[in-house]
Amino acid sequence: MRYSQYFLPTLKETPGDAEVISHQLMARAGMIRKVAAGIYDYLPLGLRVIRKVENIIREEMNRAGAIEILMPAVSPADLWQQSGRWQEYGKELLRLKDRKDTEFCIGPTHEEVVTEIVRGTVNSYRQLPLNLYQIQTKFRDEIRPRFGLMRGREFIMKDAYSFDIDDAAADISYDRMYQAYRRIFKRCGLDFRAVEADSGAIGGSFSHEFMVLAETGEDAIVSCDTCEYAANVEKAELRAPAGSAPAPSQPLAKVETPNLKSIEDVSAFLKEAPGKMIKTLVLQADNDEVVAVLLRGDRTLNEIKLCNFLGCNHLQLADEAVVQKVTGAPSGFSGPIGLTCRVLADQEVATMSDFGLGANEANYHLTGANYGRDFQVEAFVDLRQATAGDSCPRCDGKLEAWRGIEVGHVFKLGTKYSDSMHAVVLDDQGKERPLVMGCYGIGVGRAAAASIEQNHDENGIVWPMPLAPFQVIVTMLNPNDEAVFAAGENLYQELLEKGIEVLLDDRDERPGSKFKDADLLGIPLRVNVGARGLKEQSFELQERRSGERIMLPIEGAGAKIVAQVRAALDAG
Ligand SMILES: [Zn+2]
């Protein structure tokens, strides 16, 4: 492609509504253009990246035995009424009526439509397993679309649906997709983790989210430095720490701590690390139960774990009146001694001794406190949030903490849709059985955006070779110089012939502004063709990621560049 004839409307200014770096860079690099809130044009450069993601997905889905179809974007309300989702789905479902007043929606997902296909065509276990997928534009009427392609309303998604005769077979289909997803994201050049996810209300114990690691990610995750274990911090289990508490060596003593309420303030005042203190949280559940929870001072409560233990849906810090009632003191001075409510402790507390905690008296704390001698608890439970350095729950490794962007989700659905829509087959005994389903999504545009969140610097995008819109940019420093023009043109033709995706910057612009654009677009390899280099019979080859430059003799330059592109693609 010749830059001078290409359609590449880059922007000098970052659009005001672009909050995250991927949105800013996609807009500035002329990849996307906003049409309405959460709705974008994919301009040529953006579309090239989208197609690359799609092609990798398609190859790996086909390799895993899934079969591509294309379902309509618009689906009839009737199908959604059969599954019950017409009523369940909130305002995110964009509903519309045709000229005959028949109701439709624009599909945010396609479980109903695909189940309807299968129930009309598959009636024997012999036709299973079956996995149908599509790559298609979807619509979800997000209340706050933002972050460009990261959270748009209209978006391109790969969605796959597996159908099996029973749970065991469905688990095999699930695992096949899980493995395919690992290959897809690896081939995209993304650093990711497959994270055990909460399967939510739909049930089925299998669910993994594929998270691209990026500091800007919305999800906090932990992963093991040794095995494949990874989980959302909300979900991450923690093993009970080994060993028991050392015997008490200090007497319980009351210390005046005037107006010092936070763990930080009290620990600074007592010259004791927060990790040697216990904090006591008084919480109120949605069933009005009040419970006190003891945690090591530097730990964070995991509310989901506590809700699961208590069997409630929601918790909040108790208000001042409740704290006053159960502790006899204002908040900030709570401790476990003499409480009138249930007291639970995180399992780690069982290994601590001689710690500081609240005295249940305004402006006082206690030091030298010990479980057993000074107070009791109802139970020691895994109640805290996992953090970097914790032991892996599966092996002897240590957990590392990351932030991640969800780009894919594999999910064992079970029989939710086959039951409600009566999608059954006959088993080998001639008995009717509901199909056991799985669903598997990848946000195509989001994967491209996540790649930018993971791969950029202050000058622009730094594409991994597999997703780069062009693999090489050949920059003619001065295209008006005949020798430069001819040498650039020759290299361009040679690379094209060898199947390299190359952008020829033949524009009549200053070299500085061409370099700036090349850096912004993030093309992995740049070849500078200039008069000075030509005098020495060479080009300058610069890597976008490392910034490293080498002089490349013209003789054999094409072959060297091809080899470098291939090596980078194979590494993915
Ligand atoms: Zn591990």
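A crossing of two helices is right-handed if the near helix is turned clockwise from the far one by less than a right angle, and left-handed if anticlockwise. The exercises below concern a predicted model.

**Exercise 1. Overall description**

Task: State how many helices and strands the protein chain has, and what its spans along the principal axes are.

Solution.
- Step 1. The secondary structure of the protein chain comes to 15 helices and 31 strands.
- Step 2. Along the principal axes, the C-alpha trace spans about 90 × 70 × 45 Å.
- Step 3. The protein chain has 572 residues, and buried residues make up 51% of them.
- Step 4. Take the contacts between residues at least 6 apart in sequence: 68% of these join residues at least 24 apart.

**Exercise 2. Helices H12 and H15**

Task: Describe how H12 packs against H15, and classify the residues of the contact.

Solution.
- Step 1. Two packed helices are described by the angle between their axes and the distance between the axes.
- Step 2. For helix H12 (residues 482-497) and helix H15 (residues 557-571), the angle is about 45° and the axes are 10 Å apart.
- Step 3. Angles under 35 degrees count as roughly parallel and those from 65 to 115 as roughly perpendicular. H12 and H15 are therefore oblique to each other.
- Step 4. The crossing in which H12 passes H15 is right-handed.
- Step 5. H12 contributes Leu-491, Glu-494 and Leu-495 to the contact, and H15 contributes Gly-558, Ala-559, Ile-561 and Val-562.
- Step 6. Sorted by class, the contact of H12 with H15 has five nonpolar, one polar and one charged residues.

**Exercise 3. Helices H2 and H6**

Task: Determine the relative orientation of H2 and H6, and list the residues that meet.

Solution.
- Step 1. The axes of helix H2 (residues 44-63) and H6 come within 9 Å and cross at roughly 150°.
- Step 2. Angles over 145 degrees count as roughly antiparallel, and H2 is roughly antiparallel to H6.
- Step 3. H2 passes H6 in a right-handed crossing.
- Step 4. On the H2 side are Ile-56, Ile-57, Glu-59, Glu-60, Met-61 and Arg-63; in H6 they meet Met-177, Ala-180, Tyr-181, Arg-183, Ile-184 and Arg-187.
- Step 5. The residues of this contact of H2 with H6 divide into seven nonpolar, no polar and five charged.

**Exercise 4. Aromatic pairs**

Task: Classify the geometry of the pair Tyr-178 and Phe-210 and that of the pair Tyr-371 and Phe-380.

Solution.
- Step 1. A pair of aromatic rings is described by the distance of the centres and the angle of the planes.
- Step 2. The structure holds twelve aromatic pairs. In one of them, the rings of Tyr-178 and Phe-210 have centres 5.6 Å apart and planes at 55°, so the pair is tilted.
- Step 3. Tyr-178 lies in helix H6 (residues 167-187) and Phe-210 in strand S10 (residues 207-213), so the pair ties together parts that are 32 residues apart in sequence.
- Step 4. Tyr-178 is buried, with a relative accessible area of 10%, and Phe-210 is buried at 0% relative accessibility.
- Step 5. Tyr-371 and Phe-380 form an edge-to-face pair, with 4.8 Å centre to centre and 80° between the planes.
- Step 6. Tyr-371 is partly exposed, with a relative accessible area of 32%; Phe-380 is also partly exposed, at 29% relative accessibility.
- Step 7. Tyr-178 and Phe-210 belong to one aromatic cluster, together with Tyr-181, Phe-185 and Phe-192.

**Exercise 5. Residues in loops**

Task: Locate Thr-257, Gly-84 and Asp-481, and decide whether each is buried, partly exposed or exposed.

Solution.
- Step 1. Buried means under 20% relative accessible area and exposed over 50%, with partly exposed in between.
- Step 2. Thr-257 is in the loop between strand S13 (253-256) and helix H7 (263-270). Its relative accessibility is 0%, so Thr-257 counts as buried.
- Step 3. With neighbours within four places in sequence left aside, Thr-257 is in contact with Val-266, Phe-269, Phe-333, Asn-363, Tyr-364 and His-365.
- Step 4. Gly-84 is in the loop between helix H3 (77-83) and helix H4 (85-88). At 18% relative accessibility, Gly-84 counts as buried.
- Step 5. Gly-84 and Glu-112 are 28 residues apart along the chain, and their C-alpha atoms are separated by 9.9 Å.
- Step 6. Asp-481 lies in the loop between strand S27 (472-476) and H12. Asp-481 has a relative accessible area of 25% and is partly exposed.
- Step 7. From C-alpha to C-alpha, Asp-481 and Leu-70 are 51 Å apart in space, and they are 411 residues apart in sequence.

Terms used. Residues numbered from 1 in each chain as written. Predicted model: local features only at pLDDT ≥ 70, side-chain atom pairs only at ≥ 80, totals over all residues. Heavy atoms only, no water. Axes fitted to C-alpha atoms, helices over the stretch in contact; angles between N-to-C directions. Helix = DSSP H or I, 4+ residues; strand = E, 2+ residues; numbered from the N terminus. Contact = heavy atoms within 4.5 Å. Nonpolar A, V, L, I, M, F, W, Y, C, P; charged D, E, K, R; others polar. Buried < 20%, exposed > 50% of the residue type's maximum accessible area, 1.4 Å probe, protein only. Phe/Tyr/Trp six-rings, centres within 6.5 Å; stacked < 30°, edge-to-face > 60°.
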